[in-house]
Amino acid sequence: MNDRGASHVLTVAILTYLRGEQLGLLLGVVDDLLADVHDFTTEILVVDNDPAGSAEAVVNGAITDRVRYVNETTPGIAAARRRALAETRDSALLMFLDDDLEPSRPWLEPMISLWRSTQAAAVVGHVDYYFESAVDPWVVEGGFFRRAVHPHGARLAVAGAGNLLLDRQRVAALGVDFDPTLGLSGGEDTLFTRQLSDRGGLIVFCPGSVVRGLVPADRTVRAQALTRARAHGGIGVRVELAGAPSLRRSVAVRLRAVLGGAARVVVGTLRGLAGVVAKDLSHQARGARLAARGQGMIDAGLGRYTEEYARD
């Protein structure tokens with residue numbers, strides 16, 4: 001199963017929560033793209049995080065027979081990702097795809113090629129966000145939904161998991177899993193990939209593998225964008241705390257987070273005020289974003305966390 005030249009299983013895991021219509025369309029797109037993969041036996045694994053199992057009817061109505069369904073009732077994206085890992089112990093490759101992202105051709109082939117040539121534990125594709133409707137220019141200028149694009153094959157220390165290909169057997173050998181305590185706050189993928197790279201797993205970037213993500217209108221208002229920035233500011237601190245080997249180290253991480261966060265709040269606020277005086281929208285938005293991230297760092301340093309994906 002670990003022979004990279006042999007024919008084996010590639011699983012695309014789609015994690016979903018109350019997006020039945022989008023899921024139905026996505027299953028058709030992924031099934032079509034899997035027709036381009038010839039060196040693997042392919043399957044689609046739908047991990048439904050709705051305790052009521054609302055996605056099961058969508059899966060049962062799918063036109064492809066390569067899809068299977070599991071219901072993970074523990075709330076949170078981390079629980080869904082853990083379930084996907086557990087369900088794919090015998091797969092050679094596991095491709096994570098979130099249900100609000102749509103891949104474009106080519107998708108898997110460039111990632112598989114880079115995986116083969118680099119012997120990587122993980123290959124990360126690009127996520128390109130676009131907006132549902134006319135969006136506040138302030139949000140655009142603030143770069144709240146912008147993802148960095150790296151050169152082909154660039155080595156990364158951390159990565160997101162919305163468009164992530166894993167060498168399943170290598171991940172198992174390194175003993176890495178998703179932290180369930182980050183299920184509703186986000187950052188479970190940051191911690192996972194950080195631990196993967198810390199334990200010797202190579203993570204590389206594949207700009208030729210692109211998925212597009214629709215940002216709903218209700219997430220592009222300023223308050224929601226700032227909540228997102230604040231949550232992301234705390235994620236890095238939580239990742240550091242998770243890897244702290246001692247109480248002394250943990251205290252140092254918290255102190256640095258509070259001080260560093262306070263500095264960002266001050267600098268961000270001043271930049272925002274300068275933007276107001278100069279009537280520069282970019283400085284206004286980026287200053288507010290920096291201040292929000294700094295506040296998130298302070299919160300995490302004090303043990304308070306923003307749950308970006310909290311449920312009623």
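**Exercise 1. How do helices α9 and α10 pack: at what angle, and with their axes how far apart?**

*Solution.* Start with the numbers: α9 (residues 247-278) and α10 (residues 281-301) pack at about 160°, and their axes are 7 Å apart. Axes here are lines fitted to C-alpha atoms, for helices over the stretch in contact, and angles run from 0 to 180 degrees between N-to-C directions. Helices (H or I, at least four residues) and strands (E, at least two) are DSSP runs, numbered from the N terminus.

Finally, sort the contact by class: 12 nonpolar, 12 polar and 4 charged residues. Ala, Val, Leu, Ile, Met, Phe, Trp, Tyr, Cys and Pro count as nonpolar, Asp, Glu, Lys and Arg as charged, and the others, Gly among them, as polar.

A word on the model: it is predicted, so local features need pLDDT of at least 70 and side-chain atom pairs pLDDT 80 or more, while totals for chains, interfaces and linings use all residues. Residues are numbered from 1 along each chain as its sequence is written, and side-chain values use heavy atoms, without hydrogens and water.

**Exercise 2. Describe how α7 and α8 cross.**

*Solution.* First, the axes of α7 (residues 188-198) and α8 (residues 222-242) come within 9 Å and cross at roughly 45°. That angle makes the two helices oblique to each other, and their crossing is right-handed. Now look for the contact (heavy atoms within 4.5 Å): α7 supplies T190, L191 and R194, and α8 supplies I235, V239 and A242. By class, that gives 4 nonpolar, 1 polar and 1 charged residues.

**Exercise 3. What is the strand order in the open sheet, and which strands stand at its edges?**

*Solution.* Trace the 8 strands: β3-β2-β1-β4-β7-β6-β8-β5, with mixed pairing. Strands pair if DSSP finds at least two bridges between them. β3 (67-71) and β5 (101-103) stand at the edges with a single partner strand each, so one side of each lacks a neighbour in the sheet. From one strand to the next, the twist averages 25°.

Now zoom in: β6 (residues 122-131) and β8 (residues 203-215) pair in the parallel sense over 10 bridges. H126 has V210 in β8 as its bridge partner.

Terms used: Parallel < 35°, antiparallel > 145°, perpendicular 65-115°, else oblique. Left-handed = near helix turned anticlockwise from the far one by under 90°.
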